[in-house]
Amino acid sequence: MTRTVRDAALHLDLAAGHHPADPGSLPAPGLSYQACVDRAVPRLRVGVLRTLGVADPRPEILQAVDRAADVLRGHGHQVTDDDSALPDHECFPASIQLRQQVLAHYRLTSRLDAFTTRRDDFEPWFADVLARGRALTTEDFARYWEHRARLAQWAADLFTRYDMLLMPTVPTTAWPAEGPDVATAVRERTIPITFTSVFNDTGNPAISLPAGLAPDGLPRAVQLVAPHHREDLLLGAATLLEAPGDRAHPPVPYNEQSPGR
């Protein structure tokens, strides 16, 4: 969403706060996130999770995580490897497939009339996603929310030991433009949303940061995750991993972009 950590802080300063149209929104935090970017970061206990017990990231991705861990160590933070596995890891990817089916169901409910009467108007892949959502049962919903409860407790337990988590953003570099081969991703344990979907579900603030290029020339990234309501801590830690070159390139003005972008 933004080019730099500072721009992400600016976005939060503008977007944070309660809105009456969103009953789940929180009150304004009473601080400037941009100011947090410039503050010294207190000594952190950082847990490094490389697999969550369900993924096999490519070596070039793990190398990027190791480099990020070394940078944090160099800034005086306590960095500890942690092999904690997700709840229900033994039946993965069934849990993530159920999650995606629940999301499909919610998407379907907002488009049900159009999907029922004009299915051909939808792109075939999206129509298939919505159709899977239609098959959801009350038992499926119960299993999903039970898993979510275990996931929330798992994350809460981690943050009794750590102030920040470091892990891959995705297990591989970029998939081809047509998208991932899902069967291959399941077989090789490289499902793209393995690391990110967890914290979408728990609600912990997380940020993905560029981590240089892999040998194949494709970009890599690492993810930092903070306790609930500690976006300030997250942004401060993120600045430590942001390469000077990432901060040096200003946004491209719209009129300098190529036509059609």
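Modeller: One definition is needed at the outset: a residue is called buried when its relative accessible area is under 20%. Please also bear in mind that this is a predicted model.

Biologist: Is Ala-237 buried or exposed?

Modeller: Ala-237 lies in helix α10. Its relative accessibility is 1%, and the cut-off for burial is under 20%. Ala-237 therefore counts as buried.

Biologist: Which element gives the most to the largest nonpolar core?

Modeller: The largest nonpolar core has 29 residues, and Met-164, Leu-166, Leu-209, Val-222, Leu-224, Leu-235 and Leu-241 have the most contacts inside it. At least two core residues come from each of α1, α2, β1, α3, β3, β4, β5 and α10. With 7 residues, the element that gives the most is α10.

Biologist: Which residues are in contact with Thr-172, leaving aside its neighbours within four places in sequence?

Modeller: Thr-172 is found in the loop between β3 and α8. At 9% relative accessibility, it is under the 20% limit and so counts as buried. Beyond its neighbours within four places, the residues in contact with Thr-172 are Arg-58, Ile-61 and Thr-190.

Biologist: Which class has 18 residues in the lining of the largest pocket?

Modeller: The largest pocket has a volume of about 1100 Å³. Of its 34 lining residues, Ala-8, His-11, Leu-12, Ala-206 and Ile-207 are the closest to its centre. α1, β4 and α10 each supply at least two residues of the lining. There are 10 polar and 6 charged residues in that lining, and the class with 18 is nonpolar.

Biologist: Which element gives the most to the lining of the second largest pocket?

Modeller: The second largest pocket holds about 660 Å³ of space. Among its 18 lining residues, those closest to the centre are Gln-100, Val-129, Arg-132, Val-182 and Ile-193. Two or more lining residues come from each of α4, α6 and α8. The element that gives the most, with 6 residues, is α4.

Biologist: What is the radius of gyration of the protein, and why does it agree with a compact globule?

Modeller: The C-alpha atoms fill a box of roughly 55 × 50 × 45 Å along the principal axes. For 261 residues, a compact globule would have a radius of gyration near 18 Å, so the protein's value agrees with that expectation; the value is 20 Å.

Biologist: What share of the contacts with a separation of 6 or more joins residues 24 or more positions apart?

Modeller: The secondary structure comes to 11 helices and 5 strands. Buried residues make up 39% of the 261 residues. Of the contacts with a separation of 6 or more, the share between residues 24 or more positions apart is 72%.

How values were computed: Residues numbered from 1 in each chain as written. Predicted model: local features only at pLDDT ≥ 70, side-chain atom pairs only at ≥ 80, totals over all residues. Heavy atoms only, no water. Core = buried A, V, L, I, M, F, W, Y, C linked by side-chain atoms within 4.5 Å. Buried < 20%, exposed > 50% of the residue type's maximum accessible area, 1.4 Å probe, protein only. Helix = DSSP H or I, 4+ residues; strand = E, 2+ residues; numbered from the N terminus. Contact = heavy atoms within 4.5 Å. 1 Å grid on protein atoms, 1.4 Å probe; cavity = no way out; pocket = protein on both sides within 12 Å on 5 of 7 lines; lining within 4 Å. Points joined across faces, edges and corners; volume = space filled by probe spheres on them. Nonpolar A, V, L, I, M, F, W, Y, C, P; charged D, E, K, R; others polar. Rg over C-alpha atoms; globule rule 2.2 N^0.38 Å.
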